[in-house]
Amino acid sequence: MKKIIKNRFVLFILAATIFLSTTAFKNDFFEIAKQIEIFTTLFKELNMNYVDETNPGDLMDTAIKSMLADLDPYTNFMNEQDVEAARINNTGDYTGIGARVKTFKDKLVIVEPYKDYPADKAGLKAGDEIIKVGNTLIENYKENSGDLLKGTSGSKVEVTYKRQGKEATTTIERAEVEIKAVPHFSMINDKTGYIVLSRFNQKAYKETNYALRDLKAQGAKRIILDLRGNPGGLLNEAIKIVNLFVPKGQLVVTTKSKVKKYNRTYYTQTEPIDTEIPLVVLIDGNSASASEIVSGSLQDLDRAVIVGSRSFGKGLVQRPKQLTYGTQVKITISRYYTPSGRCIQSLDYWNRDEKGEAVRVKQENYNEFKTKNGRKVFDGGGVFPDVVFDASKNATVTNAIVNDDLIFNFATDYYYKNMLSNVNDFMLKDADFSNFKKYLKAHNFSFKTETEKVLYKAFEAATDEELNDNIEKDFNTLITNLNRSKEEVIDENKSFLLELLTEEIVKRYVYREGLYDYYKIHDPKIKKATEILGSTSTYLGYLN
């Protein structure tokens with residue numbers, strides 16, 4: 001044990017020495033050296049002298065994560081598994097069963113099987129609970145159970161799963177899986193093309209370029225680019241996609257950092273496909289990072305009308321740095337700015353509130369900027385659409401429902417209880433929403449608001465001080481009224497919750513591919529985009 005610790009200590013000192021000899025921050029040299037020396041001596045003494053056996057790796061992992069937690073959520077330490085996951089996210093290629101899975105303590109749940117990939121061919125469906133992989137019971141497996149599904153292309157694995165209370169077994173033959181950046185493109189009508197861009201991996205530009213050319217060949221005279229739910233990805237792919245619609249040599253984004261070499265300006269590099277075709281970009285609260293570069297720059301350049309709800313607001317740029325033993329650290333190195341000069345970062349991680357939580361930039365602190373045509377745009381809160389659709393009216397409630405998997409589980413039950421002859425005619429009714437609310441109650445859905453937490457804390461203090469007798473009745477009345485208010489909030493979010501339920505249910509019948517066809521018929525944002533593009537005066541009115 002002591003020999004291992006000594007070796008780790010020597011390695012750590014060596015790494016620290018290299019760091020100190022190459023760092024550009026010479027003014028902090030002494031302070032950095034001092035803090036590293038304090039930490040390494042503490043780490044050595046702790047591991048050598050603590051009363052119980054310690055695990056140096058676990059201690060260091062905790063120390064690293066605790067240190068980074070004080071920065072922002074995008075500056076992360078990445079172990080070897082994380083590095084591989086990032087590679088898959090960037091390339092869009094991996095070997096496996098072809099399904100999104102969610103890992104629980106005692107089971108794996110199929111979240112979404114990809115059409116015609118191994119899990120789908122083996123008969124697995126969303127909601128299936130995998131309880132055994134090969135001879136390994138998930139409940140007894142201490143590592144990441146999702147790794148059990150990985151393997152070389154052509155290898156087979158037997159899984160036991162539970163569906164609607166019944167157990168079954170199937171064999172999956174693993175294969176190469178390709179995750180498309182553009183999972184769908186098609187014509188909405190004889191003149192309007194529709195492109196869904198779901199991620200900015202290394203295929204994003206190539207696939208978007210192909211989709212645009214193909215739709216134009218089919219007769220598209222106007223384009224809807226759907227970035228809703230797109231979390232971002234590679235910066236260069238975003239710049240090249242903007243370049244499809246704007247001339248060569250156009251400024252798209254600027255990055256600013258305290259490190260001079262990271263201060264860069266990015267311009268379009270090639271000739272565009274079409275600088276005149278009318279364009280609408282759809283965004284929502286889950287459109288982030290590279291999605292905001294595309295939508296924000298096209299808005300600043302008055303090259304597209306933006307429709308939807310306010311984007312996420314991630315104006316921070318990360319870069320991975322190689323560490324030892326196959327690990328990396330992903331560091332926020334700069335902020336990005338759209339052509340008008342605005343940074344759309346919405347959360348301030350460097351000036352936190354009394355609870356230590358990042359605060360949202362207040363609207364009164366937004367700064368005004370001008371688009372190419374002189375329209376007003378603002379920083380500090382994501383990209384604001386030119387045509388706004390309301391999102392969730394109370395994110396606390398809707399997030400709690402989603403995070404508890406109640407949307408997902410209700411959709412699973414609905415799928416097995418209802419036959420649909422034509423999914424494109426599917427519409428949830430008031431009765432379905434009533435059933436959903438009953439489902440929430442039956443599954444003990446509850447969440448504590450900040451108001452509740454304060455009330456319970458006050459009542460607990462009153463109990464400790466033996467003052468609760470006189471206020472208990474009032475306390476119970478407040479809690480009852482608060483619970484009633486929470487039920488009303490669910491009703492206020494009816495439209496948003498029905499949208500989430502509809503999306504999840506439709507995917508069960510026709511996969512994600514069929515969902516996009518459903519959207520083209522029923523989605524109000526796509527209808528609005530089509531309407532805007534159908535009138536030249538309306539379209540130009542938004543841009544001028």
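In this predicted model, helix α7 contains the buried residues Leu235, Glu237, Ala238, Ile239, Ile241, Val242 and Asn243. The helix as a whole is mostly covered, since 7 of its 9 residues are buried. What do the buried residues of α7 pack against? Their partners are helix α6, strand β13 (251-256), strand β14 (264-267) and helix α8 (290-300).

The axes of α6 (residues 204-217) and α7 (residues 235-243) come within 8 Å and cross at roughly 20°. Angles under 35 degrees count as roughly parallel, and α6 and α7 are therefore roughly parallel to each other. The crossing in which α6 passes α7 is right-handed. On the α6 side, the residues that meet α7 are Ala204, Tyr205 and Thr208; on the α7 side, they are Glu237, Lys240 and Ile241. Sorted by class, this contact of α6 with α7 has 3 nonpolar, 1 polar and 2 charged residues.

The next subject is a sheet. Strands of a sheet pair through backbone hydrogen bonds, either parallel or antiparallel. The model has an open sheet of 6 strands in the order β10-β11-β12-β15-β16-β23, with mixed pairing. Its edge strands are β10 (184-187) and β23 (387-388), each of which pairs on one side only. Within this sheet, strands β11 (residues 192-196) and β12 (residues 222-226) run parallel and are joined by 5 bridges.

An antiparallel pair is found elsewhere in the chain. Strand β2 (residues 93-96) and strand β9 (residues 175-178) run antiparallel and are joined by 4 bridges. Thr95 has Glu176 in β9 as its bridge partner. In a regular strand the side chains alternate between the two faces of the sheet. Which residues of β2 form the covered face, and which the uncovered one? Tyr94 and Gly96 form the covered face, whereas Asp93 and Thr95 form the uncovered one.

Most residues other than glycine have a negative phi, and most peptide bonds are trans. Ser289 has a phi near 55°, a positive value in a residue other than glycine. Tyr325 likewise has a positive phi, near 55°. Ser289 lies in the loop between β15 (279-283) and α8, while Tyr325 lies in the loop between β17 (316-322) and β18 (328-337). Are these residues buried or exposed? Ser289 is buried, because its relative accessible area is 11% and buried means under 20%. Tyr325 is exposed, because its relative accessible area is 65% and exposed means over 50%.

Val361 is placed in the loop between β20 (359-360) and β21 (368-370). With a relative accessible area of 24%, Val361 is partly exposed. Leaving aside residues up to four places away in sequence, Val361 touches Gln345, Ser346, Tyr366 and Gly380. Between Val361 and Glu499 there are 138 residues of separation in sequence and 28 Å in space, C-alpha to C-alpha.

How values were computed: Residues numbered from 1 in each chain as written. Predicted model: local features only at pLDDT ≥ 70, side-chain atom pairs only at ≥ 80, totals over all residues. Heavy atoms only, no water. Axes fitted to C-alpha atoms, helices over the stretch in contact; angles between N-to-C directions. Helix = DSSP H or I, 4+ residues; strand = E, 2+ residues; numbered from the N terminus. Parallel < 35°, antiparallel > 145°, perpendicular 65-115°, else oblique. Left-handed = near helix turned anticlockwise from the far one by under 90°. Contact = heavy atoms within 4.5 Å. Nonpolar A, V, L, I, M, F, W, Y, C, P; charged D, E, K, R; others polar. Buried < 20%, exposed > 50% of the residue type's maximum accessible area, 1.4 Å probe, protein only. Pairing = 2+ DSSP bridges.
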